[in-house]
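Open the model in your viewer and keep the selection tool at hand. The tour goes stop by stop, with a word on terms where needed.

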Amino acid sequence: MLIICLFISCQDKKSEGQSEQKKGRQLELTEEVTFLDQDNEEISKITVAVADDQQERNQGLMDVTELPADAGMLFIFPTEEELSFYMANTPLPLDIMFVNADSVIIRIHHSAAPFNSKQLFSDGPAQYVVETNAGYAVSNDIREGMRVRF
């Protein structure tokens with residue numbers, strides 16, 4: 001009987017470990033990004049993980065399998081320049097918003113496909129990128145030319 005109990009206990013712990021692995025990498029959501037309309041009124045707000053160094057920017061949302069509806073990632077670059085992103089090793093479809101140094105959204109790539117290595121360009125100088133779950137920009141009526149506040 002003791003052997004059976006030990007076997008069941010080990011199986012439960014193995015199952016817990018497997019379910020934790022399926023969750024993927026967990027983010028530290030520490031900051032907020034607010035989306036503003038043409039009158040600088042708040043449209044919506046998300047909590048974000050910040051990627052402000054090269055290693056964090058390279059990793060981005062790779063291996064993140066769950067992202068709350070009101071969450072995302074803010075990429076901060078040291079200077080404003082033409083940027084490009086891709087979705088390799090990223091299992092979630094995302095909206096990718098390129099933002100210039102004046103906090104204006106200059107390009108939105110809607111519903112970028114998971115695991116795609118195609119380059120998605122900013123189409124102009126950008127210093128920030130905000131990534132959200134796919135469909136967030138459309139569902140909140142966020143458009144190019146609007147501003148963000150960090």
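Residues are numbered from 1 along each chain as its sequence is written, and side-chain values use heavy atoms, with hydrogens and water left out.

**Stop 1: confidence.** Colour by pLDDT, the predictor's confidence in each residue, from 0 to 100. The chain's mean is 89, and 85% of its residues reach 70 or more. Now select residues 1–21. Here pLDDT is below 50, and the stretch has zero contacts in the model beyond near neighbours in sequence (a contact means heavy atoms within 4.5 Å). Where pLDDT is low, the predicted coordinates should not be read in detail.

**Stop 2: the strands.** Helices (H or I, at least four residues) and strands (E, at least two) are DSSP runs, numbered from the N terminus. Strands pair if DSSP finds at least two bridges between them. Select β1 (residues 31–36) and β2 (residues 42–51). They pair in the antiparallel sense, over six bridges. Find Val 33; opposite stands Ile 46 in β2. Five residues lie between the two strands of this hairpin, where Asn 40 takes a positive phi near 60 degrees.

Thr 47 faces Ala 71 in β3.

**Stop 3: the largest pocket.** A pocket is an open set of points on a 1 Å grid over the protein atoms alone, where a 1.4 Å probe fits, with protein on both sides within 12 Å along at least five of seven lines; lining residues have an atom within 4 Å of a point. Volume is the space filled by probe spheres set on the points, which are joined across faces, edges and corners.

What lies nearest the centre of the largest pocket? Select Arg 57, Asn 58, Phe 75, Phe 85 and Tyr 86, from a lining of 17 residues. The volume is about 280 Å³. β3 gives the most to the lining, five residues. Nine lining residues are nonpolar, six polar and two charged.

**Stop 4: the second largest pocket.** Its volume is about 200 Å³. β2 supplies the largest share of the lining, three residues. Select lining residues including Arg 25, Glu 56 and Met 73. By class, the lining divides into five nonpolar, four polar and three charged.

Methods: This is a predicted model: local features need pLDDT of at least 70, side-chain atom pairs count only at pLDDT 80 or more; totals for chains, interfaces and linings use all residues. Ala, Val, Leu, Ile, Met, Phe, Trp, Tyr, Cys and Pro count as nonpolar, Asp, Glu, Lys and Arg as charged, and the others, Gly among them, as polar.
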